[in-house]
Structures are given as structure tokens and as C-alpha cells.
Amino acid sequence: MNVVGTEHTGRGPSVERVGIVVVGAGLAGLELARRLAEHGAGDVLVLEAGPVSDPTHIHTGRTRDAATELVFAPDTDPHFHRSWTSDSAHYTGVSGLRRRFGGRALYWHGVSLPLEPWALADWPAEVAADLTGGWRGGPPLYDRVTADLEAWAGRPLGGGAITGPVGGHRFRTLPTACRDTGDGMWAAYAPVDGWHADGDGLRAPWSGVRARCGVEVLRVDVRGGSAHGVVARDARGVFTVEAGAVVLCAGTVESTRLALQALHEAGVLPTPRLGGLADHIVQGFTLRLVGADGFFAERGMAPGSYHLPADPAIRSYLRVDLHRTGPGELLVDVRATGEQSPDRNSAVECDPTAELPWRAHVRTALAARDEVVVHGQRALLDAFWRTLAEELGRTPAPLGFVDFGSARRTNTQVLPSLTKALPEGVPESWTSLLGTEDHEGGCLALGSVLTDGQEFAHLPGLFANGPAVFPRIGAANPSLTTLALSRRLAATLAETDLGANIRHAR
């Protein structure tokens with residue numbers, strides 16, 4: 001295959017040799033690098049397509065309105081990038097990557113929920129046990145990561161019951177890995193702290209780990225039926241990184257694109273296509289209320305975030321966010337977040353071309369069992385709103401959802417310019433398009449495409465991390481599980497001593 005570009009002509013060699021190369025500097029990639037350093041893995045190189053920029057969380061230094069605008073009006077964000085096409089309205093609009101050092105970890109709200117038992121039931125038993133039962137003779141991974149996040153935040157993450165009831169339910173505080181940064185600002189956990197400039201790259205605050213930004217990985221270097229590194233391109237040209245292990249942490253669609261190229265080149269996939277792509281099914285409504293502060297305060301709901309544990313019948317949990325937007329005025333954001341089931345008809349595919357990188361294409365739709373989730377969520381939201389309106393002494397206006405998959409009234413309805421114009425006491429419903437929650441997963445599932453150790457079953461030396469490896473995504477937000485799997489994979493890689501066994505080109 002031909003690679004667009006020229007040979008590396010600037011500083012440094014056109015071939016680098018490292019122990020482990022990590023593709024992507026988001027939550028999965030940087031957390032993995034951090035944990036590898038703890039194990040003394042040594043020669044770890046993280047490659048990131050975007051720039052260093054300012055690696056601080058978007059809610060640090062911005063008002064809530066400005067941060068919301070950056071997320072839901074991505075044309076205002078110079079780091080927004082979509083490298084795929086779609087055959088429908090799904091995976092368009094606000095669906096994309098944030099190409100920058102830190103990635104989408106700099107945009108998340110810190111929600112730290114574990115996957116539900118009914119979702120983990122379809123995961124490999126050993127992996128599920130490590131997450132929830134116990135790991136290496138000690139507490140389970142979920143407990144360890146939660147303890148670390150609480151130490152970082154300087155407080156418990158939350159989750160305790162409140163007095164309620166509100167809308168007929170008693171809610172719990174939503175667990176969030178966040179801490180105050182002063183002046184009303186806050187940040188969610190992201191493993192970017194302490195990185196510093198070092199030559200033409202970045203050096204981690206932990207020994208043995210470095211990063212290079214502005215580097216686009218074109219393909220995995222596959223020879224002899226195994227992965228030997230990557231071929232990449234920066235402003236100076238094309239170069240090769242040889243490594244003992246390659247770990248794809250570039251987001252679900254991008255990691256799958258690179259995997260498709262590698263598996264096709266190795267003869268494993270005659271057609272470069274992998275199914276199982278899933279995102280959360282999310283619907284909700286926003287409501288502007290005046291004079292309702294006392295109602296919520298009497299029930300223990302100060303401005304903040306609250307949730308109901310997921311209902312397995314509709315594979316969804318209910319969340320309520322309260323924001324004070326003015327004297328005596330609250331914005332109430334209510335949403336149901338549920339699981340899109342893995343399905344072979346929801347897939348990432350590529351057309352092999354002579355030039356690299358290949359272009360990824362997304363095909364997705366809801367299966368019949370997902371329609372149950374859609375209708376169940378609407379019934380849950382409708383019942384909550386009707387009961388809340390009764391408790392408030394209001395007449396409930398109908399929610400009136402649009403067809404799922406319609407580009408009208410999407411999650412961009414939470415933009416401040418729209419919520420400020422809402423009539424008081426009249427809810428505005430919305431429905432997320434698939435791919436727009438930044439929760440997409442699947443395609444590189446543990447126990448099928450990957451071994452329990454997160455290595456590709458038919459391509460030794462190639463690993464993956466992040467939500468792409470989830471066999472089922474459940475209803476919970478994916479970040480807590482991503483952090484837990486990063487710790488687990490780091491231990492596995494460190495034990496193989498890959499840094500001392502680089503596969504050199506013959």
C-alpha cells in the first residue's frame with residue numbers, strides 16, 4: 001500500500017524503537033500510560049493526532065454556559081474532528097473526537113457509575129470478577145479506582161440516598177469525580193496533570209513515559225501475522241515506530257478503523273467490517289422553573305446532579321440535574337440514559353484503498369430490543385414529569401418526543417441560547433442521535449475480537465483499551481470502567497516485559 005506523505009526528513013530518525021506505543025492521548029491512553037509507569041514498564045510512547053493546547057478541563061476558566069456551548073456547538077471548538085462518514089443522521093452533528101492532548105477527558109462531567117450486573121453478565125467472567133469481586137488478592141477494580149478518584153477529589157464521590165420524593169422517586173446523588181478549582185469553577189479527573197515540554201514532545205510526571213502530539217497514526221505495522229508497531233505521519237513526513245506492543249486508545253471508531261486495516265492486512269478479515277457498535281440511547285427534557293427553589297430544597301435537592309439506579313426492564317437510569325440560572329430561577333434537565341444492545345448491523349467498515357489512512361464509515365440503527373428501551377424511557381420520563389407537575393401544582397404539558405433518529409430536537413436543545421428562551425414551566429423534550437453522547441463502544445469486544453487480556457485474538461502484539469472493548473455498554477457512563485480496565489491492562493502488559501522484547505524490523 002502507498003502512504004500519502006514523504007519520508008521523515010526533519011530531526012530524529014525515520015524509525016523509532018520503543019517498548020510500548022499507545023495510540024491516543026485521551027482518558028484511556030493517558031490512564032494506561034500512568035499505570036504502566038507505576039509498574040516500571042519503561043519505554044512507553046503515547047502518540048496523539050491533536051496539539052498540546054491547554055490541557056485543562058473546559059469547566060476550569062469557563063462559565064457553565066460557555067462550556068456547554070463548546071460541547072454542543074462544536075464548530076466553536078478548534079479541536080473538534082470527525083474522521084468518519086455515516087449512512088444516517090446518527091454519528092453526525094456533535095458526534096466526533098476532540099483532537100487534543102487530554103482528548104474528551106477534558107470535556108466529561110466526571111460521572112463515575114459502575115456497569116450494571118445485567119450488562120456484565122455478558123462480559124468474560126474473569127474480567128467481570130476483576131471489576132466487581134476482587135483483583136489480585138485485594139479489592140475489586142471498581143473499588144480501587146473509586147478510592148483513587150475520591151483521594152484526588154478530596155471528597156466522597158456521592159451516591160447516598162436523598163429524602164425526596166421528587167417526581168414520585170427518591171434519588172441518589174450522582175457519583176462524580178470532580179473537584180472545585182476556585183471562583184465557582186471545577187474540573188473532572190483527567191490524567192494530564194504534570195506533563196511538561198521535553199524536546200519535540202512531552203514528558204510525563206512519571207518515569208519512562210513520553211508523548212508526541214501532532215502525530216497521525218496511518219496504520220498498524222503488521223508483519224508475519226503480528227503487530228510490530230505503527231506507521232505515522234507528522235509535519236515532517238512519514239515515519240515508523242517499532243514496538244513490542246501497540247495499544248489502540250483512539251476512541252471507538254478510530255481504534256476500530258486501525259484494527260480493520262491490521263486485521264484485513266493480516267488476512268483475518270476478508271472484508272474490513274466489524275459489528276457491535278453501540279452508543280447510549282438518551283432522551284430527556286429541559287424545564288425552566290421560577291419560584292421552585294423551596295420545593296427542591298425541602299426534598300434535599302440542592303443544585304447538582306441526581307440519579308435513580310438503572311431499571312433492568314428498560315436498561316436505563318434516570319438522571320436529574322438542577323442548575324440555578326438566576327434569582328429564584330432553576331433549569332431542570334431530566335434524562336434517561338440506556339443501553340443500545342450490540343448488533344452486527346451496527347458497524348464500522350472501511351473500503352481498502354492504496355492510500356492511507358483509510359476512511360471509516362459508520363452504519364447503525366436500533367434493533368427491535370432497543371425500541372423497547374426507547375418506549376420505556378419515554379414512559380418513565382412522562383410519568384416523572386406528570387408526577388412532578390402535580391407536586392408543583394402545575395398542569396403538565398405533553399412532552400411530545402420526535403421520532404428516534406430525527407435530527408430535530410436533539411441533545412443540542414440544552415444550548416444556553418435555547419434554554420434561556422424556554423417558556424416557564426413548559427418542558428422541551430429532546431432525543432440524542434446515536435454517537436452524540438461521546439459514549440460509543442463495542443466493535444473490539446473482550447471475549448471475541450479480543451482475549452480476556454485485551455489482546456487481539458488473531459493478531460499478537462496488538463491490544464485495545466477504552467469503551468471499544470466493552471462486550472455490552474450497559475446504561476452507566478463508561479469512564480469508571482475505562483479507568484478500571486486501564487489499570488488491569490497495564491498490569492498485564494508490564495508482566496509480559498514487552499519493553500525488553502521489541503520486535504525489530506527484519
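# Strands, cores and crossing helices

Guide: Opposite Val-332 in E19 stands Leu-287. Leu-322 also stands opposite Val-332. This is a predicted model, in which local features need pLDDT of at least 70 and side-chain atom pairs count only at pLDDT 80 or more, while totals for chains, interfaces and linings use all residues. Residues are numbered from 1 along each chain as its sequence is written, and side-chain values use heavy atoms, with hydrogens and water left out.

Visitor: What makes E18 and E19 paired strands?

Guide: Strands (E, at least two residues) and helices (H or I, at least four) are DSSP runs, numbered from the N terminus. Two strands pair if DSSP finds at least two bridges between them. E18 (residues 316–326) and E19 have 10 bridges, in the antiparallel sense, so they meet the definition of a pair. E18 and E19 form a hairpin with two residues between them, and Gly-328 in the turn has a positive phi of about 70 degrees.

Visitor: How many bridges join E16 to E19?

Guide: There are 11 bridges between E16 (residues 280–290) and E19, and these strands run antiparallel.

Visitor: Why is E19 called mostly covered?

Guide: Buried means under 20% relative accessible area (exposed is over 50%, partly exposed in between, with a 1.4 Å probe and protein chains only). In E19 (residues 329–339), 11 of its 11 residues are buried. In a regular strand the side chains alternate between the two faces of the sheet. Both faces of E19 are covered: one side includes Leu-331 and Asp-333, and the other includes Val-332 and Val-334, all buried.

Visitor: What makes E6 and E22 edge strands?

Guide: The open sheet of six strands has the order E6-E17-E18-E19-E16-E22, with antiparallel pairing. E6 and E22 (428–431) each have a single partner strand, so one side of each is left without a neighbour in the sheet. E22 pairs with E16 over four bridges, in the antiparallel sense, and Glu-428 in E22 is the bridge partner of Thr-286. Helix H8 (residues 368–392) packs on this sheet and touches E16, E18, E19 and E22; its direction makes about 15 degrees with that of E16.

Visitor: Which are the edge strands of the sheet of four strands?

Guide: That open sheet has the order E4-E21-E20-E15, with mixed pairing. Its edge strands are E4 (84–86) and E15 (273–275), each pairing on one side only. E4 and E21 (residues 360–363) pair in the parallel sense over three bridges, with Val-362 in E21 as the bridge partner of Ser-86. Helix H6 (residues 252–265) lies across E4, E15, E20 (347–350) and E21, running at about 50 degrees to E20.

Visitor: Why is Leu-157 called buried?

Guide: Leu-157 has 4% relative accessibility, so it counts as buried. Its place is in the loop between helix H5 (141–153) and strand E6 (172–173). Not counting residues up to four places away in sequence, Leu-157 touches (heavy atoms within 4.5 Å) residues including Ser-112, Thr-146, Leu-149 and Leu-174.

Visitor: What makes H5 roughly perpendicular to H10?

Guide: Axes are lines fitted to C-alpha atoms, for helices over the stretch in contact, and angles run from 0 to 180 degrees between N-to-C directions. H5 and H10 (residues 479–495) pack at an angle of about 105 degrees, with their axes 9 Å apart. Angles of 65 to 115 degrees count as roughly perpendicular (under 35 is roughly parallel, over 145 roughly antiparallel, the rest oblique), so H5 is roughly perpendicular to H10. Among the residues that meet are Tyr-142 and Val-145 in H5 and Leu-480 and Leu-483 in H10.

Visitor: At what angle do the axes of H4 and H10 cross?

Guide: The axes of H4 (residues 125–132) and H10 cross at roughly 110 degrees and come within 11 Å. That makes H4 roughly perpendicular to H10 as well. The contact is made by residues including Val-127 and Leu-131 of H4 and Ala-484 and Leu-485 of H10.

Visitor: How many residues does the largest nonpolar core have?

Guide: A nonpolar core is a set of buried Ala, Val, Leu, Ile, Met, Phe, Trp, Tyr and Cys residues joined through side-chain atoms within 4.5 Å. The largest has 132 residues, and those with the most contacts inside it are Trp-123, Leu-248 and Phe-456. Apart from it lies another core, of 29 residues, among them Phe-296 and Leu-318.
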